[in-house]
Structure formats: C-alpha cells, structure tokens
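Welcome! Take a look at it first, then work through the steps.

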Amino acid sequence: MTDTVTDTVTDHDSSITGILLAAGAGRRLGTPKALVEFAGERLVDRGVRLLEGGGCHPVVVVLGAALAPVRGAVTVLNPDWETGMASSLRVGLAAMPDSAEAVVIALVDQPLIRPEAIKRLISAYRKGAAIAVATYHGKPRNPVIVGREYVHDLTESLHGDAGARPFLRAHPELVTEIPCDDAGDPADIDEAADLAALSARERPAE
C-alpha cells in the first residue's frame, strides 16, 4: 500500500508524469541524498525543478529514509525503501494519474542533468518511441521515458535494487536511445567526494 505524505495525484490536465526517486538513505554519503544541499538548494528540489522544467506534470517524489515537504510535487512514501530502488519505482508508478500518457523516471542524485534532456525524451515519445532513454557518450543512463502501455510490464519486472534497466535490456526492440551529451552530465553523488567535485562545477541557484 502507498502511504501519501501530501496530496494525492489528481487527474486534471496531466499527460506526462515525472517520477523522482529520492527514498534512499545515502549510506556511503552519510545522509539521505534528498536533503543534501547542492548549489544552494536541496537535491530533491533540484530534481523536481528538472522534471517540471522538462515538461512533466505532475511530478511525483518517492521518499523513504527522510520525509520532508517538497514544494511543487506530490510526495509518496515507500515504507519498504530499504529493499532497494525497485520498491520505490513501484510506488512511484502506482501514483501515476490515470490520464498520464507516459512517465519520465529520474534519480535524485544526478544534479547536473538539465531539463533539455527531459524535453528530448518527451519529444521522442511524441514522435512514436515506446520507451526512450538518455545516452551520454553512447551509453544509456537516466532519465528514461516509458509509455503508459508498458508501465504494467515494467512494474511486474521490478526486483531488488534495480530500477528500469533490466526491463530495458530485456526489450531492446522497444528502446530508442536519445543522445544527451550536450544536455547535462549523468554523474551521480554516492560519496562526499562526489558531492564536492560536482558542487565545484555548479554555481548556486538564483
């Protein structure tokens, strides 16, 4: 069962839902990543801004290890967050409004990805891609967009600490790769050294 921390998702004019996975404890970092300050804002707020700026509405934030209000987003709690990413993604997908045509999935710990990457994925979907994944230097990373018709199969495939990647690898015929080398950097924050290195590359948000 999904526990709602703030308002539930409503079916208004939404078409592309954004899901931000932000439930982890950040054990190697020493603190939950969602609440980490990066360039003057929390990573969770930056992730919401990424998805909103790219054209997603509503944005669903999946929390777990740390609970906090998040402006501009629906927050849902994954009570099983300790089991890994799969349970968080399952909770996020369950929170999609019925009117959503597709879902964009992003991670809270990749702060250098820019909204242009989201826009490219949505554009690819609009042009007929069933699933589209952002690539950097030819390698698939995040974010990814999945059409509504494949959400059930994706949900059924989720297991352990893996997200959508096993499903994508099992169905390459469905996946369109979208180069995003000039739309940000997929580097993630796992340790304090990563946070320091990426922070040095980014100015505080205005």
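A residue is called buried when its relative accessible area is under 20%, exposed when it is over 50%, and partly exposed in between. Keep in mind that this is a predicted model.

**Exercise 1. Find where Ala39 and His137 sit, and decide whether each is buried or exposed.**

Step 1: Locate them. Ala39 belongs to the loop between β3 (37–38) and β4 (41–42), and His137 to the loop between β8 (131–136) and β9.

Step 2: Look at the backbone. Most residues other than glycine have a negative phi. Ala39, however, has a positive phi of about 50°, and the phi of His137 is positive too, near 55°.

Step 3: Apply the cut-offs. With a relative accessible area of 12%, Ala39 is buried. His137 reaches 74% relative accessibility, so this residue counts as exposed.

**Exercise 2. Explain why helix α2 (residues 85–94) is described as largely enclosed.**

Step 1: Count the buried residues. Seven of the 10 residues of α2 are buried, so the helix is largely enclosed by the rest of the structure.

Step 2: Name them. They are Ala86, Ser87, Ser88, Leu89, Val91, Gly92 and Leu93.

Step 3: See what covers them. The cover includes the strands β2 (16–21), β5, β6 (74–77) and β7 (102–107), together with the helix α4 (151–157).

**Exercise 3. Which residues touch the most other members of the largest nonpolar core?**

Step 1: In soluble globular proteins, nonpolar side chains tend to be buried together.

Step 2: Find the central members. The largest core here has 42 residues, and Val61 and Ile145 touch the most other members.

Step 3: Trace the contributors. β2, α1, β5, β7, α3 (115–126), β8 and α6 (192–199) each supply at least two residues of this core, and α3 gives the most, with six.

**Exercise 4. What lines the largest pocket?**

Step 1: Begin with the space. The largest pocket holds about 1100 Å³.

Step 2: Look at the lining. It has 39 residues, and Met85, Leu107, Asp109, Asp161 and Gly163 lie nearest the centre of the pocket.

Step 3: Sort the lining by class. There are 20 nonpolar, seven polar and 12 charged residues.

Step 4: Connect it to the fold. α2, β7, β9, α5 (165–170) and β10 (175–179) each supply at least two lining residues, and β9 gives the most, with four.

**Exercise 5. Is Gln110 buried or exposed?**

Step 1: Locate Gln110 in the loop between β7 and α3.

Step 2: Use the cut-off. Its relative accessibility is 6%, so Gln110 counts as buried.

Step 3: List the contacts. Apart from neighbours within four places in sequence, Gln110 touches Arg141, Asn142, Pro186, Ala187 and Asp188.

Conventions: Residues numbered from 1 in each chain as written. Predicted model: local features only at pLDDT ≥ 70, side-chain atom pairs only at ≥ 80, totals over all residues. Heavy atoms only, no water. Buried < 20%, exposed > 50% of the residue type's maximum accessible area, 1.4 Å probe, protein only. Contact = heavy atoms within 4.5 Å. Core = buried A, V, L, I, M, F, W, Y, C linked by side-chain atoms within 4.5 Å. 1 Å grid on protein atoms, 1.4 Å probe; cavity = no way out; pocket = protein on both sides within 12 Å on 5 of 7 lines; lining within 4 Å. Points joined across faces, edges and corners; volume = space filled by probe spheres on them. Nonpolar A, V, L, I, M, F, W, Y, C, P; charged D, E, K, R; others polar.
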